[in-house]
Amino acid sequence: MRTEIITSIQIHAAPEKIWRILLDFDDYPNWNPFITNISGTPKKGEKLHVQIDSMVFSPVVLKYNINKELKWKGKLLFNGLFDGEHQFLLEDNKDGTTTFIHSEKFFGLLVPLFSKKIHSEVKNGFISMNEALKRAIEQ
């Protein structure tokens, strides 16, 4: 089974400025209501340590393109049970704004059991993070 969340927000800033905030993991507790803690080296193949509410997991970085994209894959216990590919994507609108696309693809046997929560609570968490990122950058 598979499901996906895609959210986006337009931010009045260059991708480079947004990227600096996204990669300043130490500052996440100060502005991010969704991902409350993150650490590690955002480099392809490296593990991050991510905390969302009381959930802590160690996803592996799949993509790291400076000022453009950070993507990681996390899993519950083992591959195929409940996996998620989380992505931050920055699209330069060439007008002084950037579209921040925040998405996740969920795969695995347990996805149907969590589908309602994914499309409500998790999606709302993404939206609250997007709005907080916009506020942190535009202030």
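Helices (H or I, at least four residues) and strands (E, at least two) are DSSP runs, numbered from the N terminus. The model is predicted: local features need pLDDT of at least 70 and side-chain atom pairs count only at pLDDT 80 or more, while totals for chains, interfaces and linings use all residues. Residues are numbered from 1 along each chain as its sequence is written, and side-chain values use heavy atoms, with hydrogens and water left out.

Select leucine 77 to begin. This residue lies in the loop between strand E6 (69-75) and strand E7 (83-92). Leucine 77 counts as exposed because its relative accessibility is 70%; exposed means over 50% relative accessible area, buried under 20%, and partly exposed in between (1.4 Å probe, protein chains only).

Next, select the aromatic rings. Rings of Phe, Tyr and Trp (its six-membered ring) pair if their centres lie within 6.5 Å; planes under 30 degrees apart count as stacked, over 60 as edge-to-face and the rest as tilted. This rule gives eight aromatic pairs. One of them joins phenylalanine 25 and tyrosine 28, edge-to-face, at 5.7 Å centre to centre with 85° between the planes. Phenylalanine 25 and tyrosine 28 are both buried.

Because phenylalanine 88 lies in strand E7 and phenylalanine 100 in strand E8 (residues 98-107), the pair ties together parts twelve residues apart in sequence. Phenylalanine 88 and phenylalanine 100 are both buried.
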